[in-house]
Amino acid sequence: SSMAGLRVHSLLVTGANRGIGLGLVQQVLGIPNPPEWVFAACRDPKGERAQELKNLASRHPNLVIIPLEVTDPASIKAAAARVGEQLGGSGLNLLINNAGIAKLNLLDTETLEDMSQVYTTNTVGPLLLSQAFLPLLKKAAQGSPGSALSCSKAAIINMSSYGGSIASPSGWDLMQVVSYRCSKAALNMLTKCQSLGYREHGVLCAALHPGWVQTDMGRSAGHMPPMTVDASARGMLKVLSSLSEKDTGTFLDWEGNVVPW
């Protein structure tokens, strides 16, 4: 498998109950040497929207579902503690900040409330999660001293979007989604800041554009996106397996191409 190069002891995916998050969890459980621990975080693990995830967990003892509300610092702290406990003395290799929301507003209808909520979820959430999980990421990095940066060592991957690219404002006629675009442009800057701040700890940081994918969010503009969740998730895992020192602080798509800032 092209993803066989991704050898991680543990990873955590936020927003893992549906869409791209669930797709990543499914794909990673299927690789030849799956992680010892896959942590799937979602807001309501007991709810019906997490049923598919629960079905997966019943078949995969290495899959642990973690309750997490990414806008709530107390929830984040509790999730980090639970993951740390489960890992025992070992660290977390890979944090994938995938949870995100979009509001289908036009430029003229954006509101303070929607701008704030989208930014809090899509930008502040990944900041707080990375802070909370940094001790576990550092521990993982210390576990492979001397080796170059890679996702197998320690990494933070922020799920961004082409919609956050200032250089190529694609899809404007399709979806203005100003609050979403602004939150992803800010997430790209956060990724750059994290790559600079966490390099000394041995943690690679990158932003990924998953493509325009057939999820609830992807379909919300009323058009059928071109890409399946499986194809996107497979592509991204392949990209993750090939990331190295030179890729920290970059913005790449599901095929490994550089996306313009």
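Q: Is Val-177 buried or exposed?

A: In this predicted model, the class follows from the relative accessible area, and buried means under 20%. Val-177 has a relative accessible area of 5%, so it is buried.

Q: Where is Val-177 placed, and what is its phi?

A: Val-177 sits in the loop between strand S5 (155-159) and helix H5 (178-198). Its phi is positive, about 30°, although Val-177 is not a glycine.

Q: How many salt bridges does the count give?

A: The criterion is a side-chain nitrogen of Lys or Arg within 4 Å of a carboxyl oxygen of Asp or Glu. By this rule there are 3 salt bridges.

Q: Which residue meets Arg-18 in a salt bridge, and where in the chain do the two partners lie?

A: The side chain of Arg-18 meets that of Asp-216, at 2.5 Å from N to O. This pair links distant parts of the chain, 198 residues apart: Arg-18 belongs to the loop between strand S1 (10-13) and H1, and Asp-216 to the loop between strand S6 (204-209) and H6. Arg-18 is partly exposed, with a relative accessible area of 34%, and Asp-216 is partly exposed at 48%.

Q: With which residue does Asp-216 form a salt bridge at 3.5 Å?

A: That partner is Arg-219, and 3.5 Å separates the closest N and O atoms. Arg-219 is partly exposed, its relative accessible area being 36%.

Q: What are the accessibilities of Lys-246 and Asp-247?

A: These two side chains meet in a salt bridge of 3.2 Å, N to O. Lys-246 has 66% relative accessibility and therefore counts as exposed, whereas Asp-247, with a relative accessible area of 11%, is buried.

Q: At what angle do helices H1 and H6 pack?

A: Helix H1 (residues 19-29) packs against helix H6 (residues 229-242) at about 60°, and their axes are 9 Å apart. That angle makes H1 oblique to H6. The crossing of the two helices is right-handed.

Q: Which residues make the contact between H1 and H6?

A: From H1 the contributors are Gly-19, Ile-20, Gly-23, Leu-24, Gln-26, Gln-27 and Val-28. From H6 they are Val-229, Asp-230, Ala-233, Arg-234, Met-236 and Leu-237.

Terms used: Residues are numbered from 1 along each chain as its sequence is written. This is a predicted model: local features need pLDDT of at least 70, side-chain atom pairs count only at pLDDT 80 or more; totals for chains, interfaces and linings use all residues. Side-chain values use heavy atoms; hydrogens and water are left out. Axes are lines fitted to C-alpha atoms, for helices over the stretch in contact, and angles run from 0 to 180 degrees between N-to-C directions. Helices (H or I, at least four residues) and strands (E, at least two) are DSSP runs, numbered from the N terminus. Angles under 35 degrees count as roughly parallel, over 145 as roughly antiparallel, 65 to 115 as roughly perpendicular and the rest as oblique. A crossing is left-handed if the near helix is turned anticlockwise from the far one by less than a right angle, and right-handed if clockwise. Contact means heavy atoms within 4.5 Å. Buried means under 20% relative accessible area, exposed over 50%, partly exposed in between (1.4 Å probe, protein chains only).
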